[in-house]
Amino acid sequence: MTKRSVLGLYVEEDSAADALDNLRDAGFGEGEYEILTGTPYPEGTFGEAEPKHKLYRWPLVGAVCGFTGALIITAGTSLAYPLLTGGKPILSIPAMAIIMYEGSMLGAILLTIVGIIFESRLPRIFMGAYSEKITEGYIGVTVTTDESKTDAAEEALKKAGIDGDIIRGWKE
Amino acid sequence: MSTTNNIDKQDNYPFEAIEEYVDNENSLESRIEISKKSLSIHTATSKRFRQFAYLTGAMLILGIVGFFMKLFAGFDDKQAWGYYVAVFAFLMTTTSAAPMVAIAPRIANAHWRRPISRAAEIWTLAGCVNLILYIPLIWLLPSLENGRRSLWFYEQQEGVPAYAPHIWVTLAIIALVILGVALTWVSCLPDFALLRDHATGWRQRWGKTLSLGWLGTTAQWNWQYHRMGIIGAFYFMMLVFVHFFISVEFLMVHVPGWIDSLYPITHAHNALQGGVATVMLTMFFLRQFGGYKEHIGIEQFWALGKLLLALSLLWFWFWFCSFQLLWYGKKPTEVSVLELLVTGPYRELFISVFLLVFIIPWFTMIWNPIRRSIWGPTIIAVSVLIGTFLDRIRLYVGAWDVASFKSKLINPDTDMLGMELAEVPNNIVMPGMADIFLTVGFIGGSIFIYLLATRIIPAVNIWEKKEFLLYKAEIQFHRVKVIVLGKPR
Amino acid sequence: MQEHTQLTQKEINDGLLKDILTLPKWWLPAVLFLAAVIVTGLSAFFFMVYHGVGVTGLNRPVFWGFFIANFVFWIGISHAGIMISAILRLTQAEWRRPITRAAEVMTVFSLMAALHTPLFHVGRPWRVAYWIFPYDFDRNIWPNIKSPFVWDPSAVGTYLIASSLFVFVCLLPDIAILRDRVTSPLIKKIYGFMCLGFRGTPRQWKLQILAGILLSAIVLPVFVSVHSIVSWDFAVLVAVEGWHSTIFAPYFIIGAIHSGVSAVAMLMALIVWIYGLQKFIKPDHFDAIARLLIIVATTWFFFFFLEWVWALYNLESPEIALRELQAFEWPYAPLFAIFVIASFFIPVPLWLFKRCRRSPMIMFLTTLLVNIGMWLERFLIIIPGLVRRGHMTFDWGTYHPSLIEILIVVETFAFVAFGMLLFAKVLPLIPLFDVKEGMVLRRLMKVGRKTIPASMREGLPHHYYEKDH
């Protein structure tokens, strides 16, 4: 079945929250509708479910990878070219520790960035129904669902009191 | 690029920039409730409290015995005083720095400090124990005319008295104690007035004397606010100076070749870490045994847990900065110092310290679920305190061992200024009976003083909790409940 | 903040995007002027490449001169961004909102400026590639990881990548706003591509906020390590007097914070004057940053005192001779006096007065003085130590910076300004969503007759209160 998206714009936060209630009552699942806002609101403002994420695993994995990589580079290069400098041992832990530390942090940061983008479900190629008014302060409620259910979705959105008309994400 | 688009063309932009008002939780009823609840907990003396008091009181007696044993043994054998100085330094590192948990968040207007600021401040009274412990050290410390290493540049400058370090360190410690007591007293004035007005018996009498006629006028509140700020700032500066003096005069100058410009700062940082750990443990005991479960909550443990995490990482950084430089330079004098303190007889102690003060706190507290709990930060605080104590032993016992060493040399005059540690001791100095008595006694004694103080001084800051009512609201924001926090100044 | 202008999202968009969506008259001349300075600097560099490093003032014994002082200075400035952004985010200070991005962007460009100075300094920068990356596999010669010069690129590189990615991730919502505001289809597509399709779902906002906190927490240790490692370029050396001091790492860091936060204050004043953003950056912001600077400056001064006192502790005559050279002998004595007065004794007493703290002009001038003083500080750490006369008389020499060095140093300043202006033309310097969030969370409370500002805070999740731990 083809997926279609529709969007309703609201001026009041409570209207948008009512729209979510209407959609839940109409049988739409959590993955089918979303709130779009131009600024972050406190979690739960619209009665939406707490977004679950596993972001904290990414820096940990990144740090381990970075640490291992840096350990291999530092130990490997020291043993491959054993240069005695200043009477220090070939495998000098303080010196290696510095680069291993930087490697861990770099790994953690790189994977954290990837994690943030991934957990944000970005990049999003299919924009669907969207309005530029959202970044002006309007609150959008968008429903992405099967073609057969778009009428029910539009009904639920209109019942909460949208501003203007329903915005459809496809060309008629 | 053009600015003209659909949004700009719309005439009826429906939003307005409005600032909404919220009502705070302040009311006569809520203030009375806090006073009543806090007073009822404060005036109750539980069986558990008595048990702790008897135990720590017995420990204090043991400490006094050890103290006199040490005094009678004399000051000639420097090595024998290593543990004494270590205990003194440990108490300065923990109890004297605990008030920083009250001072710093107060300056930053962090509301989470309110239930625990008094618990932190009361530790300043244990500073009196530190002062008593310090007095024999005035005799122990060699004067400058013996030609010892110092930062006073005695022979290079005119007019420097031979007892300059003794004078200045004594003045600094006395000033720290006075500032600490003053800070606690000024902070307690409104609560003493509460005791005067609502308590009975001896508490009512003591409240009347100590409250100094506090009425709660606007002028008095403003005066108190500014005094707490100034005394707090001076307390912090004096704390840094005291740690500077202790780490230099009682530690570094006794080890020839130990030239570590960072160490005074490291010592002050260790104090901050020790202070936070001390307050963490105090909070736990007040919650579990003191009846303050409703007052001291997870917010406080979480906030201090974050601080402890950062301070543990900083511990490593400060240590590594010093270690790395001495290791890298490979100067013979510096290699000897590293051998004394890290790789030689105190190696096992050092490894324990490293684990307890850095590895365990860092790798556990990095997990939010552990930070956001009651037991997690508490256990880590215990680890930090034990580690800090072992660290003081490692440094001070080692340094005074070397100090005694040098004083046995053939030409003490020329060698006392030297920067070369000719011989690193082979073994750790083991504690004697007096040392054990002292350690147990004065740590227990500080806790005993604290317990006694909490009988008159409410362990939770009642007026600050009432003040919080002015700046706190819990409101319904559409479909979610949120807390609104005001900014006083 | 006690002063505040509550604005709608549209007003914020209009106010902060006007200089991106239209071309201010002054922009092009300014950019062309800076480009000319950069081209002059690069020409000086190419002249140096062609004729050799001898055209600079560098020679035995002073092998490190203006270039290295400049390198350390820009690393110092780069610490501002993360300091302001990370620490204020973690402490939830509301006043950080308008200034975090400008500070972070300044970090990125300062790091680039810092990185290209040692590349110019080495004289044949293409050879540096073999030293760091790619490694010279064929001859089996690997970098010496025991050298601070190998620690440096790992640290500065990590910091540059981290800061750049931090800026990028936090820019996503603002790029989305630009995507919605521009009319040219091509530019719209470019912004749309850059923002990766950001729409503003609760998940995306939650991760934005988490990104700010988590990245701040990860980058803060990196920030501490970068300048420590740069300081160890000097401190691990035993041979040069005045360098082998354990306090160098924290001393350099606190100095970096001092000069960096001062640079942010300068930037705030420039943003207010050049872009006319008085509605967003208020005297309260200047007041807050000045108070921070008092604490930072005083701490820095204490470290400076400690460094000096401990240098004299071992009573070695070469060390004492260096300190005499640094503080009392020509030509370093007047520079030393200027450095101490400009870094501390003029700015800090002025900052104790509320009127001075709240004035953008006074803040700009005092922080400019601080940065002049801090540049001189780096110069005075490096050059006198190298100039001091050792046992070998053939090694005695002095240092005079040549025009080539001066032009290249000036080029780095122009580079940072140029980068910031280009950035500000394409992307907003003040984070829109952060400012908008501040407006949404803002409330007022009445305490008696007084109205105080307040802010909504999300409490801990409810199960923490329900469970009895």
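Modeller: Happy to, and a definition comes first: two strands pair if DSSP finds at least two bridges between them. Please keep in mind that this is a predicted model.

Biologist: Thanks! Which residue of β2(C) does Gly486(B) stand opposite?

Modeller: Strand β3 of chain B covers residues 480–486 and pairs with β2(C) over 4 bridges, in the antiparallel sense. Within this pairing, the residue facing Gly486(B) in β2(C) is Ala454(C).

Biologist: How much area do chain C and chain B bury between them, and which three residues of chain C supply more of its share than any other three?

Modeller: The contact draws on 69 residues of chain C and 69 residues of chain B. Together these chains bury about 6,200 Å², with 69% of it on carbon and sulfur atoms. On the side of chain C, 13% of the area buried against chain B comes from three residues, more than from any other three: Thr246(C), Trp310(C) and Tyr313(C).

Biologist: Which element gives the largest share of the side of chain C that touches chain B?

Modeller: The rule finds 2 salt bridges across this interface. In one of them, Arg443(C) meets Glu20(B) at 3.9 Å, N to O, which is inside the 4 Å cut-off. There are also 16 residue pairs in polar contact. As for the element, the largest share of that side of chain C, 8 residues, comes from strand β2 (residues 450–457).

Biologist: And how do chain C and chain A meet; which element of chain C gives the most residues to that side?

Modeller: Here 60 residues of chain C meet 59 residues of chain A, burying about 5,400 Å², of which carbon and sulfur atoms give 67%. The count between these two chains is 6 salt bridges, one of which joins Lys206(C) to Glu50(A) at 3.6 Å. Helices α1, α6 (148–181), α8 (202–235) and α17 (432–441) of chain C each supply at least two residues of the side that touches chain A. With 18 residues, the one giving the most is α8(C).

Biologist: Let's look inside a single chain. How many residues apart in sequence are the parts that Lys149(A) and Glu32(A) tie together?

Modeller: The closest N and O atoms of this salt bridge are 3.3 Å apart. Lys149(A) sits in the loop between β3 (139–146) and α4 (150–159), and Glu32(A) in the loop between α1 (13–25) and β2 (33–36), so the parts tied together are separated in sequence by 117 residues.

Biologist: Is Arg114(B) buried or exposed, like its partner Glu467(B)?

Modeller: The side chains of Arg114(B) and Glu467(B) form a salt bridge at 2.6 Å, N to O. Arg114(B) lies in the loop between α5 (100–107) and α6 (117–121), and Glu467(B) in helix α19 (residues 462–471), so the pair links parts 353 residues apart in sequence. As for accessibility, both Arg114(B) and Glu467(B) are buried.

Biologist: One last pair: what separates Lys10(C) and Asp14(C) along helix α1, and which of the two counts as partly exposed?

Modeller: These residues form a salt bridge, with the closest N and O atoms 3.4 Å apart. Being 4 residues apart in helix α1 (residues 9–21) of chain C, they are separated by about one helical turn. Lys10(C) has 16% relative accessibility and therefore counts as buried, the cut-off being under 20%. At 28%, the partly exposed one is Asp14(C).

Technical notes: Residues numbered from 1 in each chain as written. Chains lettered and ligands numbered in written order. Predicted model: local features only at pLDDT ≥ 70, side-chain atom pairs only at ≥ 80, totals over all residues. Heavy atoms only, no water. Contact = heavy atoms within 4.5 Å. Buried area = accessible area lost by both parts, 1.4 Å probe. Polar contact = N/O pair within 3.5 Å; in protein donor to acceptor, adjacent residues only side chain to side chain. Buried < 20%, exposed > 50% of the residue type's maximum accessible area, 1.4 Å probe, protein only.
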